[in-house]
Number of protein chains: 2
Amino acid sequence: MTNAALVATYRAYLTALNERRLDDLVRYVHDELVYNGDTMTRRQYRDLIADDTEAVPDLFYDAQIIVADNNRVACRILFDCTPQLPFLGFSPNGQRITFAEHVFYDFGDGRIAAVWSVIDRHAIREQLSRR
Amino acid sequence: MTNAALVATYRAYLTALNERRLDDLVRYVHDELVYNGDTMTRRQYRDLIADDTEAVPDLFYDAQIIVADNNRVACRILFDCTPQLPFLGFSPNGQRITFAEHVFYDFGDGRIAAVWSVIDRHAIREQLSRR
């Protein structure tokens with residue numbers, strides 16, 4: 001897959017998440033993947049995302065930087081949202097928060113095989129404790 | 001600069017950090033750069049790194065994943081170290097910790113012009129509170 005095709009596939013994956021078309025994950029994610037070192041099924045990965053979007057209905061994956069090469073994608077994703085239910089171990093307080101996720105993906109045969117994600121929970125903690 | 005040359009430059013930058021050759025930063029970092037959205041001088045950037053390596057003498061930048069394209073570099077850096085002084089707002093307790101930094105760089109004319117970094121402080125917090 002060319003880098004341009006890889007980026008197009010990755011952007012289509014984010015659009016599916018943003019449009020909550022989680023059935024479409026079969027197109028973008030392998031049956032099994034490695035998430036931060038742990039093996040999980042696509043169903044479990046889907047459930048993680050579904051939990052997040054239930055807790056944060058206005059969660060929108062805004063890709064700020066995408067770097068792709070040789071079946072690897074790195075993305076800086078910015079979130080600007082208002083959690084309604086506990087999220088990442090934080091209790092919502094009705095306040096809007098902004099934070100980044102920096103995430104690496106390994107693609108195999110055009111689908112995600114591994115994910116390494118760091119979410120800026122420090123930023124979330126600082127914003128939610130401000131009042 | 002080709003992607004291969006960009007990766008070689010980036011690896012040389014990490015080696016300079018690991019060998020504490022901070023005078024060499026002039027080769028790798030612009031006079032001014034943007035760090036997580038804030039403008040700073042190379043001197044200020046150097047001071048940030050010097051503070052970290054003073055607090056954590058065995059800090060070693062271990063590049064696990066590097067993705068480079070079109071003057072952008074993304075890196076997953078793994079740290080396995082024992083802080084001796086307060087570090088990132090945490091008090092050391094003599095315990096060894098492991099954590100990742102996911103960081104994006106914009107290069108201009110072969111040197112770093114912008115940095116977007118997320119450090120997994122959540123992992124640090126969890127490890128330091130374990131006992």
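**Exercise 1.** In what order do the 6 strands of the open sheet in chain B lie?

*Solution.* This is a predicted model, so local features need pLDDT of at least 70, side-chain atom pairs count only at pLDDT 80 or more, and totals for chains, interfaces and linings use all residues. Side-chain values use heavy atoms, without hydrogens and water, residues count from 1 along each chain as its sequence is written, and chains are lettered from A and ligands numbered from 1 in the order written.

Step 1: strands (E, at least two residues) and helices (H or I, at least four) are DSSP runs, numbered from the N terminus. Two strands pair if DSSP finds at least two bridges between them.
Step 2: reading across chain B gives β2-β1-β6-β5-β4-β3, with mixed pairing.
Step 3: β2 (38–41) and β3 (62–69) of chain B pair on one side only, making them the edge strands.

**Exercise 2.** Work out how β1 and β6 of chain B are joined.

*Solution.* Step 1: the two run parallel, with 3 bridges between β1 (residues 29–35) and β6 (residues 111–119) of chain B.

**Exercise 3.** Find what helix α4 of chain B lies across.

*Solution.* Helix α4 (residues 121–128) of chain B lies across β5 and β6 of chain B, at about 160° to β5(B). Axes are lines fitted to C-alpha atoms, for helices over the stretch in contact (heavy atoms within 4.5 Å), and angles run from 0 to 180 degrees between N-to-C directions.

**Exercise 4.** Relate chain B to chain A.

*Solution.* Step 1: superpose by least squares on C-alpha atoms of residues with pLDDT of at least 70 in both copies.
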